[in-house]
Amino acid sequence: MDDYERRARLAPGLLALLPLSVALAVLGLSKAPVVVSALTALSLAGGPVVLAELVRHQGRKVQEVLWASWGGSPTIQKLQLRQEGQNSLQRESWRKAVSFVTGIELASARSERANPTKADEAIDVAVGQIRSLTRDEAKFPLVRAENRSYGFHRNLYGIRWTGRITALLVVLGVLAYMLWLAHYEHQAAFTLSNTLALLATVACLVIWYVLPSEVRMQNAAERYAYELLQAAVVLAAEKAEPTPEGTQ
């Protein structure tokens, strides 16, 4: 796994499993032979990779739904002439840079009104090329950082119900364990470890209701779109630089 996969895909999946891990650790079950064997088997069988792919799939699904409700990808919207409320000078700068770097002519306002689908397709293809040209993290660190941030918030929102249900089930499991101790084993239910396990898993449940957010996802998408288009301006400036004499 590369850095993007670990932070944007694996991390949300591990957060979904966090309540279970916390409960096992606090209750002293994390070193039980059965638990250790199961975790070892999952690791050897590529469990983290499978988890990351499942998270990615859910993130892509929710992205399609939200983009439709937002009116499309934020990056594409920033280049559309029919979008109102945008800085026209900034948009024109981005459009010129994207077109110059990719060689793809973006539609005029009249053409865009006449055939918005075709205009958006041209923007989509051009933006795809810009993404490919800005994969160098050393050269475009902000693009990479905002891409990771967007991927994390998108995937976290995509698996929010998985995380919430998992956390709720673990909370109920800890409560059931405490009731079993009190009624059937005649032991103290509210021991320090049991109380910590309950509080920690409840905290995880609260986090899963607070942290995943469509607003956070949209803000992350806007920041990524901005940095990507700013990178296109940098690429255009580099391409426009005159070639030194005597070089090919």
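The structure is a predicted model, in which local features need pLDDT of at least 70 and side-chain atom pairs count only at pLDDT 80 or more, while totals for chains, interfaces and linings use all residues. Residues are numbered from 1 along each chain as its sequence is written, and side-chain values use heavy atoms, with hydrogens and water left out. The mean pLDDT (the predictor's confidence in each residue, from 0 to 100) is 86 for the protein, and 88% of the residues score at least 70. Confidence is lowest in helix H2 (residues 33-44), where the mean is 50, and highest in helix H8 (residues 141-158), where the mean is 96.

The protein contains 11 helices and zero strands, where helices (H or I, at least four residues) and strands (E, at least two) are DSSP runs numbered from the N terminus. Read along the sequence, the pattern is accordingly α-α-α-α-α-α-α-α-α-α-α. Of the 248 residues, 37% count as buried; here buried means under 20% relative accessible area, exposed means over 50%, and partly exposed lies in between, with a 1.4 Å probe and protein chains only. Although Ala 197 and Leu 24 are 173 residues apart in sequence, their C-alpha atoms are 8.3 Å apart in space.

A nonpolar surface patch of about 930 Å² is made by Trp 161, Ile 165, Leu 168, Leu 169, Leu 172, Leu 175, Val 202, Val 206, Tyr 209 and Val 210. The elements that give two or more residues to this patch are helix H9 (160-183) and helix H10 (192-210), and the largest share, six residues, comes from H9. Patches are made of residues with over 30% relative accessible area and no salt bridge, like charges being joined within 9 Å and nonpolar side chains (Val, Leu, Ile, Met, Phe, Trp, Tyr) within 5 Å. The accessible areas come from the Shrake-Rupley method with a 1.4 Å probe, and for residues only the protein chains shown count as cover. Leu 168, a member of the patch, lies in helix H9 and counts as partly exposed because its relative accessibility is 41%.

A search of the whole structure finds three aromatic pairs. Rings of Phe, Tyr and Trp (its six-membered ring) pair if their centres lie within 6.5 Å, and planes under 30 degrees apart count as stacked, over 60 as edge-to-face and the rest as tilted. Trp 94 and Tyr 226 form an edge-to-face pair, at 5.8 Å centre to centre and with 80° between the planes. This pair links distant parts of the chain, since Trp 94 lies in helix H5 (residues 88-102) and Tyr 226 in helix H11 (residues 214-240), 132 residues apart. Trp 94 is buried, with a relative accessible area of 4%, whereas Tyr 226 is partly exposed, with 35%. Trp 161 and Tyr 209 form another edge-to-face pair, at 6.4 Å centre to centre and with 90° between the planes; the pair joins helix H9 to helix H10 across 48 residues. Trp 161 is partly exposed at 46% relative accessible area, and Tyr 209 is also partly exposed, at 46%.

Charged side chains also lie over rings, a charge being placed there if NZ of Lys or CZ of Arg is within 6 Å of the ring centre and within 35 degrees of the ring normal. Arg 164 lies over the face of Trp 161, at 4.7 Å from the ring centre, and the charged end of Lys 239 sits over the ring of Phe 100, 5.0 Å from its centre.

The count of salt bridges (a side-chain nitrogen of Lys or Arg within 4 Å of a carboxyl oxygen of Asp or Glu) comes to 11. Asp 3 forms a salt bridge with Arg 6, the closest N and O atoms being 3.6 Å apart, and another with Arg 7, at 3.0 Å. Asp 3 and Arg 6 are separated by about one helical turn because they are three residues apart in helix H1 (residues 3-26). Asp 3, Arg 6, Arg 7, Glu 137 and Arg 148 are linked in a network of salt bridges. In a further salt bridge, the side chains of Glu 238 and Lys 139 meet at 2.7 Å, N to O. This pair links distant parts of the chain, with Glu 238 in helix H11 and Lys 139 in the loop between helix H7 (116-133) and H8, 99 residues apart.
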